[in-house]
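User: I would like to go through this model and ask, term by term, what each description rests on.

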Amino acid sequence: MHHPILICGCPGSGTSLLAKMLRHCGVFLGADAGPINDRKFHESASFRDANNRILSSTIDFPHSPKGFVQFRKHNDRMSANLDTILRSMDVEAIQQQFWGAENRNQPWGWKDPRNSATALVWKSLFPDLRILMLERKWRKSVAAERANSPAGEWFRKQSSADIRHLYQNPVGTDRADIIRVDFDRLIASGDELNATLKALGLDHHRVENFQGFSAKVGLEFSSQWVRANRV
């Protein structure tokens with residue numbers, strides 16, 4: 001079985017777009033992740049529900065942590081009660097729903113911005129886990145965009161640099177564990193996506209025609225927007 005891929009990032013940073021792009025490149029994100037051409041979240045229901053339970057057990061808030069103190073409290077409680085949390089996880093049941101009748105011998109992973117808050121649990125359960133972190137520079141233009149979810153809307157308009165740092169640096173992980181993906185470069189050309197695929201050992205899935213690929217995944221941007229927002 002391939003090593004699993006954990007897709008993380010702040011809510012509203014573009015993790016759903018990254019997940020959709022990876023699905024079109026052959027990464028299986030769950031029989032319970034909705035249609036591949038959906039414009040929404042691309043989240044496995046089984047792993048999403050597991051994240052709900054983890055956060056409910058630490059801070060009684062099964063959503064994306066929205067405050068620095070709340071996030072730190074979660075991290076402290078998760079670390080202190082890790083063994084109890086791990087014993088409560090029915091990994092086989094989660095994976096059974098995730099895979100359904102699909103062949104398990106294919107690249108796979110799951111997307112949820114809250115993976116940034118629960119990465120310690122998943123790394124403990126899957127030691128060979130590869131963590132994919134989408135990073136996006138916060139600007140006024142980003143805050144003005146319409147988000148897919150209330151959490152994304154909140155983070156685009158009100159999040160602080162401190163809490164974004166917590167999302168982008170999950171507790172219990174080393175820098176070497178994390179493959180970082182730059183959102184601005186991801187949407188500008190195929191170079192960032194292909195570099196990500198190569199880092200995941202999926203170079204044979206590289207995208208040669210980025211314009212055609214962009215149309216396939218519904219990537220909507222203009223060259224003028226990219227130039228205005230390029231790092």
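User: What is the accessible surface of the protein chain, and how much of it belongs to carbon and sulfur atoms?

Analyst: This is a predicted model, and in it the accessible surface of the protein chain comes to about 11000 Å², with 48% of that area belonging to carbon and sulfur atoms.

User: How do you know whether the radius of gyration of the protein chain agrees with that of a compact globule?

Analyst: For 231 residues the rule for a compact globule gives a radius of gyration near 17 Å, and because the protein chain has 17 Å, the two agree. Along its principal axes, the C-alpha trace spans about 50 × 40 × 30 Å. The chain has 13 helices and 4 strands, and buried residues make up 51% of its 231 residues. Among contacts between residues at least 6 apart in sequence, 70% join residues at least 24 apart.

User: Which residues of helix α9 are buried, and what do they pack against?

Analyst: In helix α9 (residues 161-168), the buried residues are I163, R164, L166, Y167 and Q168. The buried residues of α9 pack against the strands β1, β3 and β4, and against the helices α3, α6 and α8.

User: Why does Q95, at 8% relative accessibility, count as it does?

Analyst: With 8% relative accessibility set against the cut-off of under 20%, Q95 counts as buried. Q95 lies in helix α5 (residues 91-99), and, apart from neighbours within four places in sequence, Q95 is in contact with M1, G100, R104, W108 and F126. The C-alpha atoms of Q95 and G30 are separated by 8.9 Å, although these residues are 65 residues apart along the chain.

User: What makes a set of residues a nonpolar core, and which members of the largest one touch the most other members?

Analyst: The term requires buried nonpolar residues joined through side-chain atoms within 4.5 Å. The largest such core has 26 residues, of which I7, M21, L22, L132, L193 and F213 touch the most other members. At least two residues of this core come from each of β1, α1, β3, β4, α10, α11 and α12, and α1 supplies the largest share, 5 residues. A second, separate core has 24 residues, including A50, I85, M89 and I94. In soluble globular proteins, nonpolar side chains tend to be buried together.

User: Which residues does L132 touch?

Analyst: When residues up to four places away in sequence are not counted, L132 touches I5, L6, I7, C8, L18, L22, I179, V181, T196 and L200.

User: How far apart are the mean positions of the positive and negative charges?

Analyst: The mean positions of the 32 positive and 25 negative charges of the protein chain are 6 Å apart.

Definitions and conventions: Residues numbered from 1 in each chain as written. Predicted model: local features only at pLDDT ≥ 70, side-chain atom pairs only at ≥ 80, totals over all residues. Heavy atoms only, no water. Buried < 20%, exposed > 50% of the residue type's maximum accessible area, 1.4 Å probe, protein only. Contact = heavy atoms within 4.5 Å. Rg over C-alpha atoms; globule rule 2.2 N^0.38 Å. Areas by Shrake-Rupley, 256 points an atom, 1.4 Å probe, with all protein chains shown as cover. Lys, Arg positive; Asp, Glu negative; His and termini not counted. Charge placed at Lys NZ, Arg CZ, Asp CG, Glu CD.
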